[in-house]
Amino acid sequence: MIDDYLARIGQLIRDARQHRGWTQVQLAEALGTSQSAVNRIERGNQNISLEMIARIGEALDSEIVSLGYAGPMHLRVVGGRRLHGSIDVKTSKNACVALLCATLLNSGRTVLRRVARIEEVFRILEVLGSIGVRSRWINEGADLEIVTPAELNLDAIDLEAARRTRSIIMFLGPLLHRMDQFRIPYAGGCDLGTRTVEPHMQALRRFGLEVTATEGMYHATVNRQITPGRAIVLTERGDTVTENALLAAARHDGVTVIRNASSNYMVQDLCFFLEQLGVRVEGVGTTTLTVHGVPEIDRDVDYSPSEDPVEAMSLIAAAVVTESELTIRRVPVEFLEIELAVLEGMGLDHDLGPEYPADNGRTRLADLTVRPSKLEAPIDKIHPMPFPGLNIDNAPFFAAIAASAHGSTLIHDWVYDNRAIYLTDLNRLGGRLQLLDPHRVLVEGPTRWRAAEMMCPPALRPAVVVLLAMMAAEGTSVLRNVYVINRGYEDLAERLNSVGAQIETFRNI
């Protein structure tokens, strides 16, 4: 029994190390031990204390076992079950975190309706609370009320929470209007390879912000004499880059033109929210935004972010890989039109109901029914593009869908350095994916999925793709350390269970 326990611990440590991209030598150096000791631990041939397990988990930024607090950490999946019935799409993760950052612009009371109760939101709330922002869940936990004080205490910022979310980078835009000097930790979040923040800095320098990075912190100073006298041209049509520029422009006393802006769903939700704050934004939905800023914002506002197109795509993929008939309600179709066109070309049998407005009054929703289909691989490669192209975060779901189709599919995830690599974890579940380079993977289908026990990939969307494949595999699978899934999905296991899945959360090793 002890030998089996040590072997399982060793396997989890090896998987976590490999996901981090480290060699045994690198882990040994971080622990102050030898490569041979790490090798013995991973093979299950050495007794290991809880203290050493905790040290290894800290070094790899991966909780190997759960100690000392409650909450689900692992998933046990009984696969091969058909889904049925209907399921609602939750509000957008990425819109919610942008809106939380935007509350720093407002001196009044902000109420956000149906906020996604996910780890990413919790981390931002912890950071906001640590610097003096008051927040509370109201209406039986459905909605969130936020009140920002006149003075923020950045010296008290919760460093641990801030380092666990990439969204902290979007504090720069609103904070540059509130103080002349401040510091925030480096942005964290998913492990997706090197992601430069220089496009953010190039945009925000036009508002007088200068940042130096030392010892894990961004040290910011603001020169009030510098204002954007001409159009800001973003060097990257990124979502968070555009949002940061919008947040900075919102309280700039004048007109700011932002070119090469993202027109994606979370950017549109932020624009709609800024309009409620009294900031006029022209060109919403296009790549040129004209922002009529106001120097002071003190309004009581009530806003409902729209539904999440990436979660909707997750649910579509769940129906496809489990060969199920499932109705997905409140789908933001205007942000899934390319994906649905690709799926239709692959042979997806589906019905799309009439459109109706989201609670924000602007986004178009519809109900979508997906039925079991005989899919063929697409003729062209699957590759994401800025909106209105195929969503960057939806590309990974096509790995599971392509594995369910007949033929070969090339997926080109050109945006992130590591994400395509994580998709090859599907091979442990019976997939046939060949990594051509860090950005391209060739998927052969159809797949006879098989159960497995494995560590959760450290990137949100590939982690959910692995979960969906486990749902399709006959037998019982185990997915360990699922914090990354909880970062972006609210009660995903319970909601999938409500439509026929069998997924159990547990904490023991």
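Mentor: Two strands pair if DSSP finds at least two bridges between them; strands are DSSP runs of E with at least two residues, helices are runs of H or I with at least four, and both are numbered from the N terminus. This is a predicted model, in which local features need pLDDT of at least 70, side-chain atom pairs count only at pLDDT 80 or more, and totals for chains, interfaces and linings use all residues. Residues are numbered from 1 along each chain as its sequence is written, and side-chain values use heavy atoms, with hydrogens and water left out.

Trainee: What makes β4 and β5 a pair?

Mentor: There are 5 bridges between β4 and strand β5 (residues 143-147), in the antiparallel sense. That count meets the rule, so the two strands pair. Within the pair, Trp137 has Leu144 of β5 opposite.

Trainee: Why are β4 and β13 placed at the edges of their sheet?

Mentor: The open sheet has 4 strands, ordered β4-β5-β3-β13, with mixed pairing. β4 (134-138) and β13 (301-303) each have a single partner strand, so one side of each has no neighbour in the sheet. From one strand to the next, the twist averages 15 degrees.

Trainee: Which strands does α11 lie across, and at what angle to β13?

Mentor: α11 lies across β3 (109-112) and β13, and runs at about 155 degrees to β13. Axes are lines fitted to C-alpha atoms, for helices over the stretch in contact, and angles between N-to-C directions run from 0 to 180 degrees.

Trainee: How do you know which way α5 passes α11?

Mentor: The axes of helix α5 (residues 93-102) and helix α11 (residues 265-276) cross at roughly 35 degrees and come within 8 Å. The crossing is right-handed, a term for a near helix turned clockwise from the far one by less than a right angle, with anticlockwise called left-handed. Contact (heavy atoms within 4.5 Å) involves Asn94, Ala95, Ala98, Leu99 and Ala102 of α5, and Tyr265, Met266, Asp269, Leu270 and Phe273 of α11. By class, the contact has 8 nonpolar, 1 polar and 1 charged residues.

Trainee: How many bridges does β1 have with β23, and how many with β22?

Mentor: Strand β1 (residues 74-79) is joined to strand β23 (residues 503-506) by 4 bridges, running antiparallel, and to strand β22 (residues 475-480) by 5 bridges, also antiparallel. His74 faces Phe506 in β23, and Val77 faces Ser477 in β22.

Trainee: What makes a set of residues a nonpolar core, and how many residues has the largest?

Mentor: A nonpolar core is a set of buried Ala, Val, Leu, Ile, Met, Phe, Trp, Tyr and Cys residues joined through side-chain atoms within 4.5 Å. The largest has 149 residues, and Phe171, Phe182, Ile184, Leu479 and Ile485 have the most contacts inside it. Helix α16 (residues 460-472) gives the most to this core, with 11 residues. Apart from this core lies another, of 18 residues, among them Leu6, Leu31, Met52 and Ile56.

Trainee: Why does Asn481 count as buried?

Mentor: Buried means under 20% relative accessible area, exposed over 50%, and partly exposed in between, with a 1.4 Å probe and protein chains only. Asn481 stands at 11%, so Asn481 is buried. This residue is in the loop between β22 and α17 (483-488), and has a positive phi of about 60 degrees although it is not a glycine.

Trainee: What makes Asp491 and Asn39 partly exposed?

Mentor: Their relative accessible areas are 45% for Asp491 and 24% for Asn39. Both values fall between the two limits, so both residues are partly exposed. Asp491 lies in the loop between α17 and α18 (492-497), with a positive phi near 50 degrees. Asn39 belongs to helix α3 (residues 35-42).

Definitions and conventions. Ala, Val, Leu, Ile, Met, Phe, Trp, Tyr, Cys and Pro count as nonpolar, Asp, Glu, Lys and Arg as charged, and the others, Gly among them, as polar.
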